[in-house]
Amino acid sequence: MANKAYKFRIYPTAAQCVLLAKTFGCVRFVYNKMLTERKGTYEQHKENKETLKKLKFPTPAKYKDEFTWLKEVDSLTLANAQLNLQKAYKNFFEGRAEFPVFKNRKARQSYTTNVVNGNIMLLDGYIKLPKLKLVKIKQHRDIPAHHIIKSCTISRTKTDKYYVSILTEYEHQPVSKEVQHIVGLDFSMNGLFVDSETGKKANYPRFYRQALEKLAKEQRILSRRKKGSHRWNKQRLKVAGLHEKIANQRKDFLHKESYKLSKRYDCVVMEDLNMKGMSQALNFGKSVADNAWGMFTTFLRYKLEKQGKKLIKIDKWFPSSKTCSCCGQVKAELSLSERTFQCECGFTADRDHNASINIKREGLRLLA
Ligand SMILES: [Zn+2]
């Protein structure tokens, strides 16, 4: 079985918006309530990890008697809030994430509900959702008939746009493909990557870079305005709108680049980078760090796996930059400012291209 999500814009009526706001609020309330409890038990038992692991998680049902208004919303959304917190907690425990934080009302709001007895259905131009009934939807693409809808996540952006992400499941067993065409990618600082086959940099489109500059400018204007004033609020929405636009452009670009690679090659090799440490080391701006590489890797992996192809990650300590891809000699020193790789053997190449060739070669070695 494989999964695929489809995201569409929805246009709720004023009355539906009220119910949506209520549901976002309830989900947030339950999530924060459970987190408070969990935090308490964590503080109590943090010396003993084994005890902590065995402790029962609070359930949303226990809050319903005290806070009766929770009964007004789709109860599955509250159950999903619990699952999300459990997942966040597990990620923390297994060292993949920080301790979960409280949800705040200013961030993007969302909730997830599941399909039970035909409560969710796509009808002509509308989607039927629990409690909301029919909501207008702009369905710009079809969901294939063999895909079964499993759940829906409804979200509201900071600029009050509503979306539904429909998670589907379908039967799919990819046949493992023999590796004939392989490529190595080196993460590029001011682009996305350089590939071993063409030596070209996959760079963000110009309009994207221009939008980033515009965002920086609008953010400066925002910082000069009086917090809470009418003009500040107007500017805040403008900045939020730009953020959304940029995030969409970036996602679009990452989908396109990963699609091209997954069509052209049977195997992609890349380094296993720790993006958090890297964005700090390289001093990226916060809005640019944005985990683009992580997102790109995720897209690439599922696009490859769907076709029975492979993504190989090599050790982050592999000296991809310092090794000469021509003679194999490893340099003792290579500063970040050296953009051209020059070896005693006479080989000269762009630094990132040289690294990508080494990455590909290491991938070939691992495959053999
Ligand atoms: Zn050399």
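The centres of domain 1 and domain 2, taken over C-alpha atoms, lie 31 Å apart. The assignment places domain 1 at 2-170 and domain 2 at 182-367; such bounds come from an automatic or database domain assignment. The model is predicted, with local features requiring pLDDT of at least 70 and side-chain atom pairs pLDDT 80 or more, while totals for chains, interfaces and linings use all residues. Residues are numbered from 1 along each chain as its sequence is written, and side-chain values use heavy atoms, without hydrogens and water.

Six residues of domain 1 are in contact with six residues of domain 2, contact meaning heavy atoms within 4.5 Å. About 520 Å² is buried between domain 1 and domain 2, and carbon and sulfur atoms give 42% of this area. Buried area is the accessible area (1.4 Å probe) that two parts lose on being put together, summed over both.

Two packed helices are described by the angle between their axes and the distance between the axes. Axes are lines fitted to C-alpha atoms, for helices over the stretch in contact, and angles run from 0 to 180 degrees between N-to-C directions. Helices are DSSP runs (H or I, at least four residues), numbered from the N terminus.

| Helix pair | Angle | Axis distance |
|---|---|---|
| α1 (residues 14-45) and α4 (residues 75-93) | about 40° | 9 Å |
| α6 (residues 230-264) and α9 (residues 292-306) | about 40° | 9 Å |
| α5 (residues 206-224) and α6 | roughly 160° | within 10 Å |

α1 and α4 are therefore oblique to each other; angles under 35 degrees count as roughly parallel, over 145 as roughly antiparallel, 65 to 115 as roughly perpendicular and the rest as oblique. Their crossing is right-handed, the term for a near helix turned clockwise from the far one by less than a right angle, with anticlockwise giving left-handed. Residues making the contact include Val27, Val30 and Met34 of α1 and Leu78, Leu85 and Phe92 of α4. By class, the contact of α1 with α4 has 13 nonpolar, four polar and one charged residue. Here Ala, Val, Leu, Ile, Met, Phe, Trp, Tyr, Cys and Pro count as nonpolar, Asp, Glu, Lys and Arg as charged, and the others, Gly among them, as polar.

The crossing of α6 and α9 is also right-handed. Among the contact residues are Leu254, Tyr259 and Leu261 of α6 and Met295, Phe296 and Phe299 of α9. This contact has ten nonpolar, three polar and four charged residues.

α5 passes α6 in a left-handed crossing. Residues of α5 including Phe207, Leu212 and Leu215 meet residues of α6 including Trp232, Val239 and Leu242. The contact of α5 with α6 has eleven nonpolar, four polar and five charged residues.

Note on methods. Helix = DSSP H or I, 4+ residues; strand = E, 2+ residues; numbered from the N terminus.
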